Amino acid sequence: MEMKEIESAIEGILFASGEPVHIDRICLALEMDRPTVEMVLQKLGDYYAFERRGIRMLRLEDSYQLCSAPDYADLIRKAFEIRKPAKLSQPALEVLTIIAYYQPTTRAYVDQIRGVDSSYTIGLLLERRLIEECGRLQVPGRPHLYRTTKNFLRVFHLSSLEELPELPGLSMEGQMRLSETGAVIDPEQEE
């Protein structure tokens, strides 16, 4: 395939999906190696941004998606009569921050840090698809574990969680950390 054909095929795949597509799926469909596909995706993303096109290439960890350019958000809302999404309240931002930095984590841990009940706020964040349940902690009562979603990355214009800024004065000492399976992580083994 020529480069133009590869670009067109990738555009077609991403447009037809409407959702983020993992790069391995694109590689499989095109029967191409990952570095080549990554190079083409980067080239397409640069083209859309440089030419100030109405679409942008969005990277979410190892997945890619076509989306509308933020410059035209008001016009798009007007065209589809979409109301602007409600802004997150201060408590919602606090809960989201705790989950983003300490994920996977339980509601009880969020409550402990905030000093107030967070069940309503967690429900709101679940409803907005900014967080999701990702299992249960293997302790009595088996509380739900929560983590951020790809929608969280999209809303906050992040490619991955590594792009989160460091919190000033954040100390991990004395804090219980959990693995994806809900097991307690020994801080000495992390180093």
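Which residue just after α4 takes a positive phi? That residue is E81, with a phi of about 50 degrees. The model here is a predicted one, in which local features need pLDDT of at least 70 and side-chain atom pairs count only at pLDDT 80 or more, while totals for chains, interfaces and linings use all residues. Residues are numbered from 1 along each chain as its sequence is written, and side-chain values use heavy atoms, with hydrogens and water left out. Helices (H or I, at least four residues) and strands (E, at least two) are DSSP runs, numbered from the N terminus.

Helix α4 itself, residues 73-80, is hardly covered: of its 8 residues, the count that are buried is 0. Here, buried means under 20% relative accessible area, exposed means over 50%, and partly exposed is in between (1.4 Å probe, protein chains only).

Helix α7 (119-127) has T121, I122, L124 and L125 as its buried residues. Looking down the axis of α7, these buried residues fall within an arc of 160 degrees, so they line one face of the helix; the arc is that of the directions from the helix axis to the C-beta atoms. Y120 and E127 sit on the other side of α7 and are exposed. The cover over the buried residues of α7 includes α5, α6, β4 and β5, with contact meaning heavy atoms within 4.5 Å. Just after α7 comes R129, with a positive phi of about 60 degrees.

On the other end, S118 is in the loop between α6 (107-114) and α7. S118 counts as buried because its relative accessibility is 0%. Leaving aside residues up to four places away in sequence, S118 touches V95, R107, V110 and D111.

Most residues other than glycine have a negative phi, and most peptide bonds are trans. E31, although not a glycine, has a positive phi of about 55 degrees. E31 lies in the loop between α2 (23-30) and α3 (34-50), and counts as exposed because its relative accessible area is 75%. R142 is another residue other than glycine with a positive phi, this one near 40 degrees. The loop that holds R142 runs between β4 (131-136) and β5 (144-148), and R142 is partly exposed, at a relative accessible area of 40%.

As for the peptide bonds, Q103 and P104 are joined by a cis one, with omega about -10 degrees. P104 belongs to the loop between α5 (90-102) and α6.
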